[in-house]
Amino acid sequence: MKKHNFYAGPSILSQYTIKNTADAVLNFADMGLSILEISHRSKQFQAVIDEATALVKELLEVPAGYSVLWLGGGASMQFCMIPYNFLRTKASFIDTGTWAHNAIKEAKLFGEVDVVASSEAEHYTFIPKGFAEKVTADNDYFYYTSNNTIYGTEIRKDPDVPCRLISDMSSDIFSRPVDVAKYDAIFAGAQKNLAPAGVTIVIVRDDALGHVDRPIPTMLDYRTHVKKGSMFNTPPVLPIYSALQTLKYYKELGGIKELERRDLEKAALLYDAIDSSRMFVGTVTDPAGRSIMNVCFVMKPEYKELEPAFIEFATERGMVGIKGHRSVGGFRASLYNALPIESVRALVDCMNEFQKLH
Ligand SMILES: *Cc1c(COP(=O)(O)O)cnc(C)c1O
């Protein structure tokens, strides 16, 4: 049976990415060797990381003066690397969910933290309005999570703030054009919209580095990786190879604008089905803050006990990964770039069929 992969992360990758990665596992770049067993210093792998870096810059229109890094440690490692490298006295945050919360906790180890807005008391069901206006110029930076993977909210407009701007774009990078020039650092774990787990992309403004007084351990200092082109130590070779395949695929499709068009279309299809349903209801209270990547919904109170039955019903029809995160409950359908609209249609059909039966 055809599977429809709605996992939140690691998550669906394009068939192009999976096929080319599988081929390289058997024979990489006609070397007669597997990508799993070659030196990261080989000229063949150097070509891979160079091309992947160039494609990130091309697709996101990264201006001159920025470096693109390929680092290990997951997006969570960035929660400490960012303050290590950027926080001198004070930074501002918006608390919009678990990942923002975790980043705030780490930043507190390095300096003063000002949470300008939070939706924590309302279970992160919306994006607080007017948060950017509350950010003051005396901050070393303002930090936000662009897409809240667990709660299904998203900030799709680059905020204007009077200090440096930093964002965790792990779960919506490459789903909208980003004005990179507004940012001093952007990072994204690969396992949502790019590659298998194991690599994190960091886009950092070169001249924003080197302004903190504290000593920084070599591996946690962005300058180490800028200087060595992400080859100070062994980078995650296989995930970088897969990332290159996805980036080529994105370019072939027509780039970020086309990806965004598709993502908006997919999200509208599912949100319309939820909004017009007598059984299902979205968990995000303000439509303006709804994520186009992770759609969270539950059953209305009068149908609540049918939730496990729906999971079973959907699973029998090939839906995978639609169970909501344990902190939200209900359902979450992740509609990352690689998910075809046919899968969203299949889910909507499934919802409609189930409603008819009950
Ligand atoms: C998944 C995710 C993370 C955590 O990524 P790891 O690679 O597991 O550390 C951080 N931020 C966001 C927005 C995420 O979706």
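## Salt bridges and the ligand site

The side chains of Lys-90 and Asp-138 form a salt bridge, with an N to O distance of 3.2 Å. Lys-90 belongs to strand S3 (residues 90-95), while Asp-138 is in the loop between strand S4 (112-118) and strand S5 (141-145), so the pair ties together parts 48 residues apart in sequence. The count of salt bridges comes to 21. This is a predicted model. A ligand sits in its second largest pocket.

**Around the ligand**

- Thr-149 has a polar side-chain atom 2.4 Å from an oxygen atom of the ligand.
- For Ser-76, an N or O atom of the side chain is 2.6 Å from a ligand oxygen atom.
- In Gln-191, a side-chain N or O atom is 2.9 Å from an oxygen atom of the ligand.

**Burial of the ligand**

- Taken alone, the ligand exposes 390 Å².
- The protein buries 86% of that area.

Conventions: Residues numbered from 1 in each chain as written. Predicted model: local features only at pLDDT ≥ 70, side-chain atom pairs only at ≥ 80, totals over all residues. Heavy atoms only, no water. Polar contact = N/O pair within 3.5 Å; in protein donor to acceptor, adjacent residues only side chain to side chain. Areas by Shrake-Rupley, 256 points an atom, 1.4 Å probe, with all protein chains shown as cover. 1 Å grid on protein atoms, 1.4 Å probe; cavity = no way out; pocket = protein on both sides within 12 Å on 5 of 7 lines; lining within 4 Å. Sits in = over half its atoms within 2 Å of the grid points. Salt bridge = Lys/Arg side-chain N within 4 Å of Asp/Glu carboxyl O. Helix = DSSP H or I, 4+ residues; strand = E, 2+ residues; numbered from the N terminus.
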